Amino acid sequence: MRVWIAGAGFGRGRVLDAEEARVPALDHGITVGDGVFETVKGVGGEPFALTRHLRRLARSAAGIGLPSPDLDLIADGVRQAMDANSDIQAARVRITVTDGPGPLGSTRSGGEPTYIVAVGEFGEIAPTADVAVVPWTRNENDVLSGLKTTSYAGNVVALDYARQRDCAEAIFANTAGNLCEGTGSNIFLVLDGRLVTPPLSAGPLAGITRELVLEWAGGDEADIPMAALADASEAFLTGTGRDVQPIRMVDGRALPAAPGPVTRKTMEVFTERGASDMDP
Ligand code: PLP
């Protein structure tokens, strides 16, 4: 794998073998998780919805007080990294921005940020997902809520919890007892025929797939009590790697349909609109 890296002794960016693209041991992205990231989908060698991803990267950076990332430089890095990995068909393009190397114990590095673009494969998207609700909550009032930071250990632990139960995704409730999101996905339910998803005030990431589904297929944002999961006639996850993925089971209980008619329609609209515009 070839990786594009800038800062951290690599100046305005170079493409290197992944083993050579080494980040200093005292990079604050490593020592304190002081960084932000994006995962972009590559389709036929082109990044999908890159403008929205870069905008969100900048919002996440501002949210944790990092200097504004150089988005033009990163966009160029994305293209260079994708060109250097053109053999990869369904590309997972990971953009990471950290505060860069700095003194141990300092809150901010005071130095040059590190930018990395790595390109790997997205696995096959399974036709449906089983999910497990984790028995702890996501704090929608946390300072990191809704930001895509490299402090993702809580999501890693939750995904482990789900995998131990043969589930593909974990679902969080928030402290108000309402539905929040998954570890790498947003969630939609069909309740009384109406497509609904938690509002951003409930603590989920402003998912780009979520945004596009709301724009293209409609649906409402509403606080959803966890108990409503049992009343859903359909549910699906959205995310860059999975697009729109029907949920088959929640905590071992099968939903009435996966995909049901609303999910199927949403999948069709997403595929059709997504294919006609690479940077919606
Ligand atoms: N929620 C979380 C916590 C995520 O990390 C992600 C993406 O990885 C999503 C939701 C879905 O967002 P997107 O559709 O932009 O991939």
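Predicted model: local features only at pLDDT ≥ 70, side-chain atom pairs only at ≥ 80, totals over all residues.
Me: How many salt bridges does the model contain?

Reply: In general terms, a salt bridge is a side-chain nitrogen of Lys or Arg within 4 Å of a carboxyl oxygen of Asp or Glu. By this rule, 13 salt bridges are counted here.

Me: Which residue meets arginine 2 in a salt bridge, and what does the pair tie together?

Reply: The partner is aspartate 17, with an N to O distance of 3.1 Å. Arginine 2 belongs to strand β1 (residues 2-6) and aspartate 17 to strand β2 (residues 14-17), so the pair ties together parts 15 residues apart in sequence.

Me: Are these two residues buried, exposed or partly exposed?

Reply: Buried means under 20% relative accessible area and exposed over 50%, with partly exposed in between. Arginine 2, at 32%, is therefore partly exposed, and aspartate 17, at 30%, is partly exposed as well.

Me: Which residue forms a salt bridge with arginine 52, and where do the two lie?

Reply: Arginine 52 pairs with glutamate 211, their closest N and O atoms being 2.7 Å apart. This pair links distant parts of the chain, 159 residues apart: arginine 52 is in helix α2 (residues 50-63) and glutamate 211 in helix α5 (residues 208-217). Arginine 52 is buried at 11% relative accessibility, whereas glutamate 211 is partly exposed at 23%.

Me: Which residues are linked in a network of salt bridges?

Reply: Asp34, Asp99 and Arg108 form such a network. Within it, the closest N and O atoms of arginine 108 and aspartate 99 are 4.0 Å apart. Aspartate 99 is buried, at 5% relative accessibility, while arginine 108 is partly exposed, at 36%.

Note on methods. Residues numbered from 1 in each chain as written. Heavy atoms only, no water. Helix = DSSP H or I, 4+ residues; strand = E, 2+ residues; numbered from the N terminus. Buried < 20%, exposed > 50% of the residue type's maximum accessible area, 1.4 Å probe, protein only.
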